[in-house]
Amino acid sequence: MAGYLVSDTRKVTTHRYIEMKQRGEKISMLTSYDYTTAGIVDSAGIDGILVGDSASNVMAGNATTLPMTIDQMIYHARSVMRGVKRALVVCDMPFGSYQVDRHEGVANAIRMMKESGCDALKLEGGIEIIDTIKGILDAGIPVMGHLGLTPQSINKFGTYAVRAQEEAEADKLMSDAMALDDVGCFAVVLEKIPATLAEQVTHHLRIPTIGIGAGSHTDGQILVVDDMLGKTRGFSPRFLRRYADLNEIMTNAIGQYVTDVKNNDFPRAEESY
């Protein structure tokens, strides 16, 4: 099944992300964490799927992304890969898997690629982890960067507020972004930063920027699929647009099922053997 605006059914690659930026074509991305959802997202024509460590929040009910392990990320990524034919699948390296040193980061990256079968990995951070990113790239693994609000550093930030509003932090973000570009990353996520800064970064980089809460001038956009489908409640940041209310739809459907079972209306004769 071709997507709504997608006639090209070829597998999306990191090289095609660069091509899309060069010709001014916006890149669409969503998260997925399971086989069924990934298949639906892929068939709708999405360009990229992030197997995010946001699974910690969405799938496991944790308050932060920090508890996610390599084994859990591999499990989710492997499940997603089974449902995807076209989209580029990127998997988050979880907190603690690459921050210690280059050797451990590269070893963990190789394991994640081998065992998950995903197309690329995403790491949070800039110049501080550039040596590890270089090692992962040298091992032949594509890397997507992530700057701005980096959820794995939430305890350092102490807040989920907009990042890089002050000049010093904005300058560092620009330097980090250019370092990620120079070292060979194929794209970078810009999360929850001023739109004007995101536009400047996008203009200066050769690689595409993927925004979430970073305005409309990035090369692409990403949202958490459960948020944009309205499955989650109590999370309504300014950048989130809800395209459906699956929470209400699912609640009503399940409520009707309960009623039918209680009233002995399910199963009927035609639903029995």
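Is tyrosine 17 buried or exposed? Tyrosine 17 counts as buried, with a relative accessibility of 0%. The model described here is predicted.

**Aromatic pairs**

The count of aromatic pairs comes to two. In one of them, tyrosine 17 and phenylalanine 186 are arranged edge-to-face, with 5.8 Å from centre to centre and 70° between the planes. This pair links distant parts of the chain, since its members are 169 residues apart. Tyrosine 17 belongs to helix α1 (residues 14-22), while phenylalanine 186 sits in the loop between α8 (167-183) and β6 (187-191). Phenylalanine 186 is also buried, at 6% relative accessibility.

**Cysteines**

How many disulfides are found in the whole structure? The search finds zero. A disulfide is a covalent bond between the sulfur atoms of two cysteines. The cut-off for such a pair is 2.5 Å between the sulfur atoms. For cysteine 118, the closest cysteine sulfur is that of cysteine 91 at 5.0 Å, so the two are too far apart for a bond. For cysteine 185, the closest cysteine sulfur belongs to cysteine 118 and lies 15 Å away, again too far for a bond. Cysteine 118 is buried at 6% relative accessibility, and cysteine 185 is buried with a relative accessible area of 3%.

| Cysteine | Closest cysteine sulfur | Sulfur-sulfur distance |
|---|---|---|
| Cysteine 118 | Cysteine 91 | 5.0 Å |
| Cysteine 185 | Cysteine 118 | 15 Å |

**Threonine 202**

Threonine 202 is placed in helix α9 (residues 195-204). Its relative accessible area is 8%, so threonine 202 is classed as buried, the limit for that class being under 20%. A polar atom of the threonine 202 side chain lies 2.7 Å from the backbone oxygen of alanine 198. Leaving aside residues up to four places away in sequence, threonine 202 touches Lys21, Thr209, His217, Thr218 and Asp219.

**Leucine 149**

Where is leucine 149 placed? Leucine 149 lies in the loop between β5 (143-148) and α7 (154-157). When residues up to four places away in sequence are not counted, leucine 149 touches Phe157, Thr159, Tyr160, Ala161, Arg163, Glu191 and Lys192.

Technical notes: Residues are numbered from 1 along each chain as its sequence is written. This is a predicted model: local features need pLDDT of at least 70, side-chain atom pairs count only at pLDDT 80 or more; totals for chains, interfaces and linings use all residues. Side-chain values use heavy atoms; hydrogens and water are left out. Helices (H or I, at least four residues) and strands (E, at least two) are DSSP runs, numbered from the N terminus. Buried means under 20% relative accessible area, exposed over 50%, partly exposed in between (1.4 Å probe, protein chains only). A polar contact is a pair of N or O atoms within 3.5 Å; within protein, one must be able to donate a hydrogen and the other to accept it, and residues adjacent in sequence count only if both atoms are side-chain atoms. Contact means heavy atoms within 4.5 Å. Rings of Phe, Tyr and Trp (its six-membered ring) pair if their centres lie within 6.5 Å; planes under 30 degrees apart count as stacked, over 60 as edge-to-face and the rest as tilted.
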